[in-house]
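Please open the model in a viewer and keep the sequence beside it. The stops below say what to select and what is there.

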Amino acid sequence: LPSVSFSLMMPLVLGTAVYSIMWAVSAPGIVPAVFLKKSGYELALICIGAPVFLMVIMVMTVGFTRLLTGTGDPTKARTNRMLQASSMAVKNHFEQTFLFAINLIGYSLHGNAETVVLFAAIYTITRFGYWFGYLM
């Protein structure tokens, strides 16, 4: 059985995700015009930059935590809970960002440019929230 906090948070997370996607599809005029002038593939590569930048920050956090705690060797047992959680979050973020990048490139070739930018912004915000929640 799932925990009580999981049972309470899952409807909120799903509701927020569904509402964000509906808002992104139906909200014209939010994205600056400079993004709308780009071609589909070029726009997707620009939009993938934000989640990749977040991943770089996550990797740097793990690296600095290893440096400051003296657990530089990742093959040895980790005793720091934050380091263990950060390492798992980085791995998950890398996997999810890879899948998101493939899907965003595919969508950007035929979809609306404004929706591409909004999907990337929503994805980056939710991944930051996931990382923050993972560390709690």
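**Whole chain**

Start with a cartoon view, and bear in mind that this is a predicted model. The protein chain has 5 helices and 0 strands, in the order α-α-α-α-α from the N terminus. Colour the residues by burial: of the 136 in the protein chain, 29% count as buried. Switch to a surface view, where the protein chain exposes about 8900 Å², with 73% of that area supplied by carbon and sulfur atoms. Among contacts in the protein chain with a separation of 6 or more, 73% are between residues 24 or more positions apart.

**The largest nonpolar core**

Select L43, A44, C47, I48, F100, A101, L104, A113, V116, V117, A120 and Y123. These 12 residues make up the largest nonpolar core. Which helices each supply at least two residues of this core? They are α3, α4 (81-110) and α5 (113-135). The largest share, 5 residues, comes from α5.

Now centre on L104, a member of this core. Setting aside neighbours within four places in sequence, L104 is in contact with A44, C47, I48, V116, F119 and A120. Elsewhere there is a second, separate core of 7 residues, and L54, L83, A89 and V90 are among them.

**Two aromatic pairs**

Show the aromatic side chains next; the count comes to 2 aromatic pairs. One of them is F100 with Y123, a stacked pair at 4.0 Å centre to centre and 5 degrees between the planes. F100 lies in helix α4 and Y123 in helix α5, so this pair ties together parts that are 23 residues apart in sequence.

Move to Y107 and F119, which form a tilted pair with 5.7 Å centre to centre and 55 degrees between the planes. This pair also links distant parts of the chain, with Y107 in helix α4 and F119 in helix α5, 12 residues apart. Y107 counts as partly exposed at 33% relative accessibility. F119 is partly exposed too, with a relative accessible area of 21%; the cut-off for buried is under 20%, so F119 does not count as buried.

Select T97 in helix α4. T97 is buried, with a relative accessible area of 4%. Which residues does T97 touch, not counting those up to four places away in sequence? They are P51 and Y123. Y123 is the residue already seen in the stacked pair with F100.

Then go to T65, which sits in helix α3. T65 is buried, at a relative accessible area of 12%. Not counting residues up to four places away in sequence, T65 touches N80, M82 and L83. Draw a C-alpha to C-alpha distance from T65 to L83: these residues are 18 apart in sequence and 6.6 Å apart in space. L83 is also one of the residues of the second core.

Show the charged side chains. How many salt bridges does a search of the whole structure find? The search finds 1 salt bridge. K91 forms a salt bridge with E95, and their closest N and O atoms are 3.7 Å apart. K91 and E95 are 4 residues apart in helix α4, and so are separated by about one helical turn. K91 is exposed, with a relative accessible area of 55%, whereas E95 is partly exposed, at 35%.

Pick out F64, which belongs to helix α3 (residues 40-69). F64 counts as partly exposed at 49% relative accessibility.

How values were computed: Residues are numbered from 1 along each chain as its sequence is written. This is a predicted model: local features need pLDDT of at least 70, side-chain atom pairs count only at pLDDT 80 or more; totals for chains, interfaces and linings use all residues. Side-chain values use heavy atoms; hydrogens and water are left out. Buried means under 20% relative accessible area, exposed over 50%, partly exposed in between (1.4 Å probe, protein chains only). A nonpolar core is a set of buried Ala, Val, Leu, Ile, Met, Phe, Trp, Tyr and Cys residues joined through side-chain atoms within 4.5 Å. Contact means heavy atoms within 4.5 Å. Accessible areas come from the Shrake-Rupley method with a 1.4 Å probe; for residues, only the protein chains shown count as cover. Rings of Phe, Tyr and Trp (its six-membered ring) pair if their centres lie within 6.5 Å; planes under 30 degrees apart count as stacked, over 60 as edge-to-face and the rest as tilted. A salt bridge is a side-chain nitrogen of Lys or Arg within 4 Å of a carboxyl oxygen of Asp or Glu.
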